[in-house]
Amino acid sequence: MKRISTHILDLAVGKPASHVAVRLERHEPSGWRLLASEQTDRDGRCSQLLPEKENLSPGFYRLAFDTTSYYEAQDIDALYPVVEVTFRVREGEAQFHIPLLLSPNGYTTYRGS
C-alpha cells in the first residue's frame, strides 16, 4: 500500500495537535501541485494523505502545516506561520510517515515508521 501520513505533537502542552490544516503537494516542472488537503484528527493524525488515484512516483513532495490557525485558536503568538517539510521519494519507496514535533517557537521532524 502506498501511503503518506503525518502526526503532530504539540510539545508545549504534551498533547496531539488536533484540527491543524495539512496540505500535501508534489513538485512538478510547472511548480508545486496540490494533491490533498486535510485536518489532523483528535489524535493529531492524518493517516492517509496520498489520494487513492495518485501514484507515489519518485520526486519531491511537501507537507505544509498551517500553524497560524492552530495557534491563533489558542491565542498564542507563534513564530512560524507555516511549517513546510519537503522530502524526496525514491524509486521503490511506498510508505512515508512524517511526524512533526511542534512548539510556538520551534519544530522538528523526522522519518517515522
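Which residue stands opposite Arg23 in E6? Arg23 stands opposite Ala64. This pair belongs to a predicted model, in which local features need pLDDT of at least 70, side-chain atom pairs count only at pLDDT 80 or more, and totals for chains, interfaces and linings use all residues. Residues are numbered from 1 along each chain as its sequence is written, and side-chain values use heavy atoms, with hydrogens and water left out.

The sheet is described next. Four strands form an open sheet in the order E4-E3-E6-E7, with antiparallel pairing. Strands are DSSP runs of E with at least two residues, helices are runs of H or I with at least four, and both are numbered from the N terminus. Two strands count as paired if DSSP finds at least two bridges between them. Strand E4 (31-39) and E7 are the edge strands, and each pairs on one side only. On average, neighbouring strands of this sheet are turned by 20 degrees against each other, direction ignored. Strands of a sheet pair through backbone hydrogen bonds, either parallel or antiparallel.

Strand E3 (residues 21-28) is joined to E4 by eight bridges, and the two run antiparallel. E3 and E4 form a hairpin, with two residues between them. Several bridge partners can be named. Leu24 has Ala36 as its bridge partner in E4. Glu25 is partnered by Leu34 in E4. For His27, the bridge partner in E4 is Trp32. E3 also pairs with E6, in the antiparallel sense, over five bridges.

Salt bridges were then examined. The whole structure holds eight of them. A salt bridge is a side-chain nitrogen of Lys or Arg within 4 Å of a carboxyl oxygen of Asp or Glu. Side chains of opposite charge can pair when their charged atoms come close.

Arg62 forms a salt bridge with Glu25, and the closest N and O atoms are 2.7 Å apart. Arg62 lies in strand E6 (residues 59-66) and Glu25 in strand E3, so the pair ties together parts that are 37 residues apart in sequence. Arg62 counts as buried, at 13% relative accessibility. Glu25 is also buried, at 8% relative accessibility. Buried means under 20% relative accessible area, exposed means over 50%, and partly exposed lies in between (1.4 Å probe, protein chains only).

Arg62 has a salt bridge with Glu84 as well, with the closest N and O atoms 3.9 Å apart. This pair links distant parts of the chain: Arg62 is in strand E6 and Glu84 in strand E7, 22 residues apart. Glu84 is partly exposed, at 40% relative accessibility. Salt bridges that share partners join Arg23, Glu25, Arg62 and Glu84 into one network.

Another salt bridge brings together the side chains of Glu54 and Arg33 (2.8 Å, N to O). Here too, distant parts of the chain are linked: Glu54 is in the loop between strand E5 (45-46) and E6, Arg33 is in strand E4, and they are 21 residues apart. Glu54 is buried, with a relative accessible area of 17%. Arg33 is partly exposed, at 31% relative accessibility.

His19 is in the loop between strand E2 (15-16) and E3. At 53% relative accessibility, His19 counts as exposed. Leaving aside neighbours within four places in sequence, His19 is in contact (heavy atoms within 4.5 Å) with Gln39, Thr40 and Asp41. The C-alpha atoms of His19 and Asp66 are separated by 9.7 Å, with the two residues 47 apart along the chain.

Leu79 sits in the loop between helix H1 (67-72) and strand E7 (82-89). With Tyr80 and Tyr107, Leu79 forms a nonpolar surface patch, with about 290 Å² of accessible area together. Patches are made of residues with over 30% relative accessible area and no salt bridge; like charges are joined within 9 Å, and nonpolar side chains (Val, Leu, Ile, Met, Phe, Trp, Tyr) within 5 Å. Accessible areas come from the Shrake-Rupley method with a 1.4 Å probe, and for residues only the protein chains shown count as cover.

Methods:
Axes are lines fitted to C-alpha atoms, for helices over the stretch in contact, and angles run from 0 to 180 degrees between N-to-C directions.
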